[in-house]
Amino acid sequence: IIRDKNKLSHKIHRHEPPVSDQQIKIIHVSQELVVVEKPPSIPVHPCGRYRHNSLQFILAHEYGWLNLYPINRVDRLASGLILFARNPEIAHVYARQISERQIKKIYLAKVVGHFADKELEVREPIIVHRKNEGRCECGPTGKPSLTFIKMLGYDEDSDSSLVMCYPHSGRTHQIRVHLSWLGHPIINDPLYLNGTRQTEPPTNELSFV
């Protein structure tokens, strides 16, 4: 029987999903910024099932950087440069520069098939399709989205292309969703590689630059 002023407590022991043991490369350190190269499989900050196996926690544990504020983010499964501010004021300055597009973010992706030889401008709106899976898709009721995509090279042996992507907006999974919508999903993408793909998008939603 539980009575007034009784205290109950419990402990939960959880195992986080494993992440890559690949070395985190330190690119730049100053009084304002820490710039690192994030390996794939590691989330930038604690989220969902990940806490200790997040980039912020690893940097705090291994380098003693306890107060880092992520300026940009990259999907957990992707690799790339991550900028951390060392105080909230600097984080705000860089966040504003990103929102005003003074800082341009460019991504490289290896996709299935022979991509178009000309630069593409994809304006398909993006909606969250399956919230429980974190999956998004293109649809007329989605939020406006714009991605510029250009092929850098094609490998005939693997039937894959290396593309450069510049997202003008910042929707969840935007590049992954737009590439899958074009019929060229990112290789090894667990969410969008095997999904239904529209191979002939309407001409009014796709333009050549």
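This is a chat about a predicted protein model and what its computed features show.

Visitor: Before we start, what kind of model is this, and how are residues numbered?
Guide: It's a predicted model: local features need pLDDT of at least 70, side-chain atom pairs count only at pLDDT 80 or more, and totals for chains, interfaces and linings use all residues. Residues are numbered from 1 along each chain as its sequence is written, and side-chain values use heavy atoms, with hydrogens and water left out.

Visitor: In what order do the elements run from the N terminus on?
Guide: They go β-β-α-β-β-α-β-β-β-β-β-β-α-β.

Visitor: And what does the C-alpha trace span along its principal axes?
Guide: About 70 × 50 × 35 Å.

Visitor: How much of the protein counts as buried?
Guide: Of its 209 residues, 37% count as buried. Buried means under 20% relative accessible area, exposed means over 50%, and partly exposed is in between (1.4 Å probe, protein chains only).

Visitor: What about helix 3, where does that stand?
Guide: Helix 3 covers residues 174–181, and eight of its eight residues are buried, so it is largely enclosed by the rest of the structure. Among them are Gln174, Arg176, His178 and Trp181.

Visitor: What follows helix 3?
Guide: Gly183 does, and its phi is positive, near 90°.

Visitor: You mentioned Arg176. Which partners does Arg176 have in the network of salt bridges?
Guide: Asp75 and Asp189 are linked with Arg176 in that network. A salt bridge here is a side-chain nitrogen of Lys or Arg within 4 Å of a carboxyl oxygen of Asp or Glu.

Visitor: Tell me about the Asp75 one.
Guide: Arg176 and Asp75 form a salt bridge with their closest N and O atoms 3.1 Å apart. That pair links distant parts of the chain, 101 residues apart: Arg176 is in helix 3, while Asp75 sits in the loop between strand 3 (69–70) and strand 4 (80–85). Arg176 is buried because its relative accessible area is 12%, whereas Asp75, at 30%, is partly exposed.

Visitor: And the one with Asp189?
Guide: There the side chains of Arg176 and Asp189 meet at 2.8 Å, N to O. Asp189 lies in the loop between helix 3 and strand 11 (206–208), so this pair ties together parts that are 13 residues apart in sequence. Both Arg176 and Asp189 are buried.

Visitor: How many salt bridges does a search of the whole structure find?
Guide: Three. One of them joins the side chains of Arg123 and Glu121, at 2.4 Å from N to O. Arg123 is partly exposed at 44% relative accessibility, but Glu121 is buried at 11%.

Visitor: Switching to the surface: which residues form the negative patch?
Guide: Asp155, Glu156, Asp157 and Asp159 form it. Patches are made of residues with over 30% relative accessible area and no salt bridge; like charges are joined within 9 Å, and nonpolar side chains (Val, Leu, Ile, Met, Phe, Trp, Tyr) within 5 Å. For charges, Lys and Arg count as positive and Asp and Glu as negative, while His and the chain ends are not counted. The place of a charge is taken as NZ of Lys, CZ of Arg, CG of Asp or CD of Glu.

Visitor: Is Asp157 buried or exposed?
Guide: Asp157 counts as exposed, at 76% relative accessibility. Its place is in the loop between strand 9 (147–155) and strand 10 (160–167).

Visitor: What's up with Asp159?
Guide: Asp159 lies in the loop between strand 9 and strand 10 too, and has a positive phi of about 50° although it is not a glycine. Asp159 is partly exposed, with a relative accessible area of 38%.

Visitor: Which residues make the nonpolar patch?
Guide: Ile26, Val29 and Tyr63 make it, and the patch is about 220 Å². Accessible areas come from the Shrake-Rupley method with a 1.4 Å probe; for residues, only the protein chains shown count as cover. Tyr63 lies in helix 1 (residues 55–63) and is partly exposed at 34% relative accessibility.

How values were computed. Helices (H or I, at least four residues) and strands (E, at least two) are DSSP runs, numbered from the N terminus.
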